[in-house]
Amino acid sequence: MHADSWALKAKKLGLRSRAVFKLEEILKRTKALKKNSLVLDIGSAPGGWSELVKALTPSSNIYAIDRLPMEPIDGVQFFQEDILNIDEIKDIFLLKSKFNLVISDLAPNLTGIRSIDEENIFELNIFTLRVAVNYLCKSNGTFIIKTFQNSMLKKLRTEMEINFNLVQTYKPAASKSKSGEIYLYGEMR
Ligand SMILES: C[S@@+](CC[C@H](N)C(=O)[O-])C[C@H]1O[C@@H](n2cnc3c(N)ncnc32)[C@H](O)[C@@H]1O
């Protein structure tokens, strides 16, 4: 399917974003989402990923965070906050080391200057990786993070390999090839 057809499909199905299809494919291939999971959705607005997780596993508890507002979703606890301040959100902080799945679709504002953008993406990714490691359950935690194919990708993957037992790279069909976005998957065992 052409990349823009995914946007059309999302609209027809009444979904909040076409990003849903990307996560759906990764979840299907990895079987990362189990019933009754505790899920942290980072960079959640407008809410497509949270909505998908809730639809696939209604028994899961979802906590979502974004610095932009998000329309409410039944069963999803949303916090409008910068990810840098996550430890200040008491409800989430109390769940440190308890999450089964952390998903991050964070995308920083771009300056258009490649070296600065690549550095900013890397720093945000590394911060998010630290959050995932701190908040995931050490025995079965799983992490899915969107990043970009650039000069820092190898360094990021190495950091993932240090922190997770299994690391895989995904480029879902719904992801525009031109966009350069790519997804890293990490599993603790
Ligand atoms: C591609 S969108 C997420 C789409 C979402 N996964 C969905 O399916 O609807 C990226 C989000 O990251 C958020 N974001 C970027 N930097 C952030 C930060 N430092 N803290 C919190 N949210 C951030 C943006 O506000 C934006 O809503």
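This is a predicted model: local features need pLDDT of at least 70, side-chain atom pairs count only at pLDDT 80 or more; totals for chains, interfaces and linings use all residues.
Residues are numbered from 1 along each chain as its sequence is written. Local features need pLDDT of at least 70, side-chain atom pairs count only at pLDDT 80 or more, and totals for chains, interfaces and linings use all residues. Helices (H or I, at least four residues) and strands (E, at least two) are DSSP runs, numbered from the N terminus.

**Strands**

Strands pair if DSSP finds at least two bridges between them. Strand 1 and strand 4 run parallel and are joined by four bridges. Strand 4 and strand 5 are also parallel, again with four bridges. D41 stands opposite I103 in strand 4. In strand 5, I103 has I144 as its bridge partner, and L101 faces T142.

A residue is buried if 20 or more other C-beta atoms lie within 10 Å of its own, exposed if 12 or fewer, and partly exposed in between; C-beta atoms are placed from the backbone. In a regular strand the side chains alternate between the two faces of the sheet. Strand 4 is covered on both faces: L101 and I103 are buried on one side, V102 and S104 on the other. In strand 5, six of the seven residues are buried.

**Core and helix 5**

A nonpolar core is a set of buried Ala, Val, Leu, Ile, Met, Phe, Trp, Tyr and Cys residues joined through C-beta atoms within 7 Å. The largest one has 46 residues, and L23, V102, I103 and A132 touch the most other members. Helix 5 gives the largest share of this core, seven residues. Two residues are in contact if their C-beta atoms, placed from the backbone, lie within 7 Å. Leaving out residues up to four places away in sequence, I103 touches L23, V39, D41, I42, W49 and I144.

How far apart are the end C-alpha atoms of helix 5? They are 31 Å apart. The expected span is 1.5 Å times one less than the number of residues. Buried residues of helix 5 include I121, F122, N125, T128 and L129.

**Ligand shell**

A residue is near a molecule if its C-beta atom, placed from the backbone, lies within 6 Å of it. The shell around the ligand has 20 residues, with S17, A19, G43, G48 and D105 coming nearest. Helix 2 (19-30) and helix 3 (48-56) each supply at least two shell residues. The shell divides into ten nonpolar, five polar and five charged residues. Here Ala, Val, Leu, Ile, Met, Phe, Trp, Tyr, Cys and Pro count as nonpolar, Asp, Glu, Lys and Arg as charged, and the others, Gly among them, as polar.

**Backbone and exposed sites**

P46 sits in the loop between strand 1 and helix 3. The peptide bond from A45 to P46 is cis, with omega near 5°. N36 has a positive phi near 55° and is not a glycine. Phi of S97, also not a glycine, is positive at about 70°. N36 belongs to the loop between helix 2 and strand 1, and S97 to the loop between helix 4 (90-93) and strand 4. S5 lies in helix 1 (residues 3-12). From S5 to R18 is 9.4 Å, C-alpha to C-alpha, across 13 residues in sequence.

| Residue | Other C-beta atoms within 10 Å | Class |
|---|---|---|
| S5 | 11 | exposed |
| N36 | 10 | exposed |
| S97 | 12 | exposed |
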